[in-house]
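Please look at the sequence and the model first, then read on.

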Amino acid sequence: MAEFLNSIIPNVMSKPDLLWKAFVETLQMLALTAPISFLLGLVLGVAVVAAKPGGVLRNKWVYLLVGKVIDLFRSIPFILLALIMMELSRLVVGTATGVKGAIIPLLFGTVPFFARQVETAMAEVPPGLIEAAESMGCGPWDILWRVYLKESIPGIVRGGTITLVSLIGFTAMAGAIGAGGLGNFAISYGTRHQMDVAYVVILIILVMVSLIQTVGNRIAKKATH
Amino acid sequence: MIRLEHVSKIFGGKAGVHAVRDVSLEIAPGEIFGIIGYSGAGKSTLVRCINLLEEPTCGKVTVDGQVLADIPAAGEKALNEQVRGAVRMPQAQLREMRKKIGMIFQQFNLMPSRTVAENVAFPLKGSGLSREAAAAKVTGLLELVGLPDKAGAYPSQLSGGQKQRVAIARALANDPKVLLCDEATSALDPQTTQSILRLIRDINQKTGITVVVITHEMAVVKEICHKVAVMDGGRVVEEGRVYDVFSNPREEVTRSFIATTSNLSKVEELIEANDPMVALEPGELIVRLSYGRNNVSEATISEISRRFGVDVSIIYSNMEILDGAPLGGLVAILSGEKGREAIGYLSEKNVVVEVLKRG
């Protein structure tokens, strides 16, 4: 078995510890960024829905401000966003490299993306449900929590799955500019005529993505009645 | 129980849509009050002015002795938030008030991610009931609406009629004094409509709850309402006890609603199409007779045959029980020398006679 692997992926078999280290770094980036993005994205998404014209806490200025900020960061390609976030990263976490240095750019890439996913999921809650809740004497916070969020759980789970998959893509890109992880590993060696390294990394990421997608679909299905 | 005084609602600024125009209504406690109109007549907006889901542009809304809004008409200033002397119930108090005004909808509006029991318990949050008391309340309500075995089901597993029953249970959770029904049976088939209307009537009789029924179907009004208001173009054009409005409609729109539930108006289509059924010999007349509660039991047809020697051949006849009293009519061809005298006699007996065609 080892012999067979040595013959088809020699450059990976020569440095399994480095591959493992890169894999762990990628997991660390995901584990640090995903929960914070989830919370911040949820708050911003809910804020947009609540503040939109006709919303339960309508507020033109909050709606415009949050919406524009989200659009601004969504429109910057991630590779450039990661570059311009280096200064901020040094300021906040003290470094712009390594797993730690990747968190700030990853958050700026993911939070606006997830906020829009949350907004889309919540926009699918039928207005009749909101009206019914109002007729029962619910206040705006009650409506946001007990109707909007509760009813959009499947949509938010689906949006979260998509966001997590795109976050994996971001970590690979962050790797390219010094954050470590699988992306860094693949680019460091794959470009030196060790293409088998790149293929193995792609395979690992493929497995991770399918796993996330499967679990996400299953949770979403379970939450749909 | 509910008093609307000069309520108007304009959507979208000065040149906006005038959905409700100067409506004043008084709905007594325990009454089932119908508001009927074609789509766009303003009836759904009007019912939302009762629980202030829509705030009137001007007018006064009083429910159970409490003023929910009193907004003076101030010409163009009425569109401005800062009308002087406008009274609005504070939000927190309004929310408490809404718990005493249940509402059901055409599309049921159940929460799809919650079970039937959770839906019914939804408005009980903050009511101060213990978990056990709330559960008992839900069980009681589900029994009341005839769905005791559906507590654990999700709305997607229910039929339309069952969904509306759950919605009724939910609307009654806080023991409201008023139940607003916004086209509650319009998405249901005729049989299910009947059973839902019967349920609403039973609840009205059992609890004395005041019910407001919004509909575009005269059959609904006929089935359960004590009083009815007919809306057209944002105004209430006719109002009164269902029987009186039915037996003596004054407005064209009211007549057109009545025509939808009786076949007495079909003869006009036949006449227009020159159907052989309504072909006349010279001297013959086609008449439509409408009876009220005082003369429906009298043998007026035999009477005119005997007295005036006219032959009466009946094309259609129709008979309904409205609000406990009979209401009927028939369309017939009269032939004979003394047709005019026969009609005069009928009019004396308070039968409304319309001559539709002369031979």
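Which residues in H3(A) meet Gly181(A), Leu182(A), Phe185(A) and Tyr189(A) in H11(A)? In this predicted model, they are Leu18(A), Leu19(A), Ala22(A), Phe23(A), Glu25(A), Thr26(A) and Met29(A). Helix H3 of chain A covers residues 16-51, and helix H11 of chain A covers residues 181-190. Their axes come within 6 Å and cross at roughly 140°. H3(A) is therefore oblique to H11(A), since only angles over 145 degrees count as roughly antiparallel.

Chain B is described here by its overall values. Twelve helices and 15 strands are found in chain B. The table lists further values for this chain.

| Property of chain B | Value |
|---|---|
| Span of the C-alpha trace along its principal axes | about 80 × 55 × 35 Å |
| Buried share of the 359 residues | 48% |
| Distance between the centres of the positive and negative side-chain sets | 7 Å |

The charged side chains of chain B comprise 42 positive and 43 negative ones. Of the contacts in chain B with a separation of 6 or more, 67% join residues 24 or more positions apart.

One residue of chain B can be followed in detail. Val211(B) belongs to strand S9 of chain B, residues 210-215. Val211(B) counts as buried because its relative accessibility is 0%. Beyond its neighbours within four places in sequence, Val211(B) contacts several residues, including Leu179(B), Cys181(B), Ile200(B) and Glu31(B). Glu31(B) lies 180 residues from Val211(B) in sequence, yet their C-alpha atoms are 6.2 Å apart.

Conventions:
Residues numbered from 1 in each chain as written. Chains lettered and ligands numbered in written order. Predicted model: local features only at pLDDT ≥ 70, side-chain atom pairs only at ≥ 80, totals over all residues. Heavy atoms only, no water. Helix = DSSP H or I, 4+ residues; strand = E, 2+ residues; numbered from the N terminus. Buried < 20%, exposed > 50% of the residue type's maximum accessible area, 1.4 Å probe, protein only. Contact = heavy atoms within 4.5 Å. Lys, Arg positive; Asp, Glu negative; His and termini not counted. Charge placed at Lys NZ, Arg CZ, Asp CG, Glu CD. Axes fitted to C-alpha atoms, helices over the stretch in contact; angles between N-to-C directions. Parallel < 35°, antiparallel > 145°, perpendicular 65-115°, else oblique.
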